[in-house]
Amino acid sequence: MNVLHINYSDIYGGAAIAGYRLHQGLLDQGIDSRLLVAMALTRSERVAIIPRKPTLENLLYRFAWRVGLNYLNCVSTFDIPKHGAYKNADILNFHNLHAGYLGYFNYLVLPLLTKNKPAIFTLHDMWSFTGHCAYSYDCERWKVGCGNCPYLDAEPIVFRDNTHLAWKLKNAVYHRSNLTFVAPSRWLFEQAKQSMLSQFPIHHIPYGIDTKAYQPLDSEACRAVLGIPKHKKVLLFGSVSLENSRKGGDLLLEALSKLPESLKADIMLLIFGENDETITKALGMQVLSLGYLSKDCFKSLAFSAADLLIFPTRADNLPVVVQESLACGTPIVSFNLGGVSDLVRPGLTGYLAQPEDTNELCNGIVHLLEDHSLRQRMGQQCREIALQEYSLELQAHRYIELYNQVLRN
């Protein structure tokens with residue numbers, strides 16, 4: 001079986017990392033898996049770049065942007081059927097189709113791509129069934145066709161409210177396409193069932209993680225490598241971009257500012273990601289910045305050095321960074337929203353506060369930092385759940401079964 005994954009990137013961003021891990025899991029099971037992406041950071045014969053027409057697409061972008069119909073400028077997508085990786089594929093697996101400033105994928109091409117090849121569409125957020133946004137927050141207009149959008153500045157941003165037309169275009173395109181949908185979290189699965197996708201097969205298959213690459217390491221040794229004093233309590237915060245409002249960097253600052261001064265003096269904040277200068281300067285706490293970490297071994301080192309992962313998100317599907325923390329045996333403090341609760345289970349793997357309640361988030365940090373035995377128990381349970389429910393092998397087997405089912409049909 002030959003599987004072709006189409007994604008924005010191979011390893012840049014949570015959706016890319018999740019897709020690449022599935023690709024690796026399939027290879028381990030003897031499946032011929034390949035990636036076709038807009039941006040590649042790895043060097044592999046199995047990763048190819050989608051050819052682009054930058055001059056024409058940049059020109060068309062000016063029109064598409066002004067009328068609020070993002071990504072319709074990406075005409076090079078219609079050349080994908082000419083690519084060797086597409087020709088050799090038995091089945092397609094779409095991932096994040098809405099990424100990049102200018103975009104890279106025109107969703108109008110889906111009927112053409114799936115005319116002779118069935119496709120799995122792995123949902124990494126809500127974009128596939130909304131008029132523009134990846135996360136709708138408290139808005140439910142996507143259930144009835146969008147329009148009058150209250151969050152035009154939500155990513156991906158649109159210049160004009162043409163969300164009703166974009167919603168109708170997606171709906172029309174899907175009904176002419178051969179698609180089966182997969183939701184990684186229970187939350188996104190339930191959202192999809194209430195959306196325009198409800199008439200299609202929708203499956204729940206969580207992301208998988210390499211539990212050998214991500215496993216608990218000796219905490220003292222990891223702290224010694226990073227130069228962290230033994231007596232420090234270590235909090236970890238990470239995101240591709242720490243200035244992304246959805247990831248809640250401002251909520252982290254607010255919660256940490258409410259910590260007792262005596263406890264704050266004993267804490268070191270370990271952060272990884274890009275654009276972290278604002279957080280570093282505003283915190284008034286000892287901070288160690290690791291920058292952007294792309295290697296699994298470096299991230300495992302950071303998780304194992306930390307007492308807790310703090311994940312103050314405003315909206316999320318099945319966060320990759322939280323899954324990594326689970327596999328490394330590091331408990332998590334987060335908010336009870338989206339698919340976070342699939343991973344962060346109160347009393348078992350961490351603490352959940354009410355969304356945007358920084359007082360409760362602060363209380364959760366204090367509670368777990370002051371109870372060493374509870375953290376140890378949680379760490380063991382984190383690892384056990386990662387092994388039992390989120391192994392890469394389990395995910396690969398579930399996808400292979402689904403691929404075979406779709407090909408038979």
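Strands β4 (residues 91–94) and β5 run parallel and are joined by three bridges; strands here are DSSP runs of E with at least two residues, helices are runs of H or I with at least four, and both are numbered from the N terminus. Two strands count as paired if DSSP finds at least two bridges between them. This is a predicted model, where local features need pLDDT of at least 70, side-chain atom pairs count only at pLDDT 80 or more, and totals for chains, interfaces and linings use all residues. Numbering starts from 1 along each chain as its sequence is written, and side-chain values use heavy atoms, with hydrogens and water left out.

On its other pairing, β5 meets strand β6 (residues 179–183), again in the parallel sense, over four bridges. Ile120 shows up in both pairings: Asn93 has Ile120 as its bridge partner in β5, and Ile120 stands opposite Thr180 in β6.

Buried is under 20% relative accessible area, exposed is over 50%, and partly exposed is in between (1.4 Å probe, protein chains only).

Now for the helices. Helix α8 (residues 249–257) packs on helix α14 (residues 358–369) at an angle of about 65°, with the axes 8 Å apart. Axes are lines fitted to C-alpha atoms over the stretch in contact, and angles run from 0 to 180 degrees between N-to-C directions. From α8 come Leu251, Glu254, Ala255 and Leu256, and from α14 Thr358, Leu361, Cys362 and Ile365, where contact means heavy atoms within 4.5 Å.

Pro312 sits in the loop between β11 (308–311) and α12 (320–327) and is buried at 0% relative accessibility. Leaving out residues up to four places away in sequence, its contacts include Leu251 and Leu361. Val287, in strand β10 (residues 286–289), is partly exposed at 22%.

Two C-alpha pairs:

| Pair | Apart along the chain | C-alpha separation |
|---|---|---|
| Val287 and Ile271 | 16 residues | 7.5 Å |
| Pro312 and Ser334 | 22 residues | 5.3 Å |
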